[in-house]
Amino acid sequence: MELTKEEKEMLEGKKGNAVKKSMEILVALGEIFGAEKLIDVKSVQIAGVSYDNLGDAGLEFLEEMAKDGKVKVFTTLNPAGMDLENWKELGISEEFAVKQKMVIDAFAKMGVLTTCTCTPYFVGNKPSLGEHIAWSESSAVAFANSVLGARTNREGGPSALAAALTGKTPEYGYHLDEKRKPVVTVEVKTELRNVVDFGALGFVIGKRIGNKVSFIKGIPKASIEELKSFGASIATYGGTALYHMEGITPEKAEEAEERIEVNAEDIEDAKKELSDGSEVDFVAIGCPHCSIKEMERLAELLKGKKVKKETWIAVARPVKEEAEKKGWVKVIEESGAKFAADTCFVVAPIKGRFKCMATDSAKGVFYARGKNKFKTVIAPVEKLIEIATS
Ligand code: F3S
C-alpha cells in the first residue's frame with residue numbers, strides 16, 4: 001500500500017504510540033483487502049463499547065490507546081452496557097458499572113463524544129452523499145450507505161478507533177464505486193405496513209442474498225423508522241452493508257440482471273419465524289434506538305396506563321432530552337416503563353434474566369435468542385404496549 005510521507009511518519013511512531021498502533025491496524029487491514037492507499041474520513045462511529053463485550057482485555061487496550069491518543073475527526077460511540085445515569089434502575093451491578101464507566105472515561109480522554117447510540121444520524125453525526133466515513137454498528141452502516149449515500153465499510157471496534165485517531169481508513173470495499181453496484185434486483189410484490197413488516201423484509205432478503213448489494217424495487221415510500229428497522233434486519237440476517245432502494249437511496253444505481261421476488265406470504269412466514277414464545281415477561285422497544293417520532297408515539301400509547309411487565313425503551317440520550325422538553329418522558333415514566341438511554345437490551349448484561357421478550361425489531365429478535373437466550377414475540381408498537389400493560 002502506498003503511504004504518504006506523513007503516514008509513514010505516523011507508522012514509524014513519530015506522532016505517538018496510539019497513532020503508531022492505529023496505523024499498524026489500518027495498514028494491515030488495507031493489505032488484507034488490497035487497498036492501494038489510505039483516504040481521509042469525515043466521521044467515525046465506534047462499536048465495542050459495552051464492558052459486557054470488551055471485558056478487561058478490551059478495557060486495557062482502550063486505556064493504553066488513551067495514554068497519548070486524540071481523535072482527529074468527529075467520533076461517537078455505539079451503545080454501552082448500561083444507562084450511564086440510570087443503571088441501578090435497570091438492575092446493573094455496581095461492579096459492572098465501575099468497569100463500564102472506566103471504558104467511557106478512556107474514550108472521553110481521547111476526545112470521543114461519549115453519546116452512546118446506534119442511531120448517530122439522530123444526534124448530529126449525519127454524513128452526506130458521497131462522504132467517506134468509518135462506522136462500526138451494522139444497522140448504522142447500512143443506514144449511512146443506503147439512506148444517506150455516505151461510504152463506509154463495516155468497521156470493527158479497533159479499526160474504527162484507529163480511523164478516529166488518524167482520520168484515515170484504507171480505500172477498499174464500499175469506498176469504491178465498483179463495489180457499490182447492485183448485483184441482484186429484489187422485486188417487492190406486497191405492501192409493507194409498519195416497522196415489523198420492514199424488519200421481516202430485511203430478514204427475507206438478508207437470508208436469500210447474504211451480503212450481496214441489492215437494488216430493491218416496489219416500495220413506494222418508507223419512513224425513517226421503517227428504514228432503520230429494515231437496515232438493521234438486512235444487515236443482521238444477510239451481513240450486507242449496502243442496498244439501493246429505488247426512489248429512496250440518493251446514489252444513482254442500476255438494476256442487476258439476477259432477480260428475486262418477495263411476496264406477502266414470505267413476509268407472513270418471516271414474522272412467524274421471528275416469534276417463538278408466548279409468555280412475555282419483558283417488552284423491549286428501540287432497536288435501533290428510538291427516533292423522536294417514536295418517543296411521541298410511545299407517550300401517546302402509554303398515557304394514563306401502567307405497565308405490568310418490565311418494559312425498556314432504548315434511546316440516544318440527546319433524543320431522550322428532546323422528548324423530555326415536550327413532556328413525553330414524564331408521561332412514559334409515569335406508566336412504569338423504563339428508559340435504557342445510552343444502552344440497549346442486547347448489549348446490557350441481561351442474559352437469562354427474562355424468559356420471553358416482545359419487540360418490534362427483527363434484529364432484536366436475533367440477539368435476544370442468540371446472546372440472551374430469550375424466547376421472542378415480534379409485534380408492532382401498539383401491540384407491544386397492549387402486552388406490556390395487560
Ligand atoms: Fe442498536 Fe442495540 Fe439494536 S445497538 S441496533 S438497539 S441491538
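Biologist: With which residue does Glu24 form a salt bridge?

Modeller: Side chains of opposite charge can pair when their charged atoms come close. A salt bridge is counted when a side-chain nitrogen of Lys or Arg lies within 4 Å of a carboxyl oxygen of Asp or Glu. Here Glu24 pairs with Lys20, and their closest N and O atoms are 2.9 Å apart. Please note that this is a predicted model, in which local features need pLDDT of at least 70 and side-chain atom pairs count only at pLDDT 80 or more, while totals for chains, interfaces and linings use all residues. Residues are numbered from 1 along each chain as its sequence is written, and side-chain values use heavy atoms, with hydrogens and water left out.

Biologist: Where do Glu24 and Lys20 lie in helix α2?

Modeller: Helices are DSSP runs of H or I with at least four residues, and strands are runs of E with at least two, numbered from the N terminus. Glu24 and Lys20 are four residues apart in helix α2, and therefore about one helical turn separates them.

Biologist: Is Glu24 buried, exposed or partly exposed?

Modeller: Buried means under 20% relative accessible area, exposed means over 50%, and partly exposed lies in between (1.4 Å probe, protein chains only). Glu24 is partly exposed at 36%, and Lys20 is partly exposed at 27%.

Biologist: Which helix holds Asp342's partner, Arg317?

Modeller: Asp342 and Arg317 form a salt bridge with their closest N and O atoms 2.6 Å apart. The pair links distant parts of the chain, 25 residues apart: Arg317 is in helix α11 (residues 317–325), and Asp342 is in the loop between β13 (338–341) and β14 (356–359). Asp342 is buried, at 3% relative accessibility, and Arg317 is buried as well, at 13%. Elsewhere, salt bridges with shared partners join Glu187, Lys189, Lys217, Glu255 and Arg259 into one network.

Biologist: At what angle do helix α2 and helix α3 pack?

Modeller: Two packed helices are described by the angle between their axes and the distance between the axes. Axes are lines fitted to C-alpha atoms, for helices over the stretch in contact, and angles run from 0 to 180 degrees between N-to-C directions. Helix α2 (residues 17–32) and helix α3 (residues 51–66) pack at about 125°, with axes 8 Å apart. That makes α2 oblique to α3, given that angles under 35 degrees count as roughly parallel, over 145 as roughly antiparallel, 65 to 115 as roughly perpendicular and the rest as oblique.
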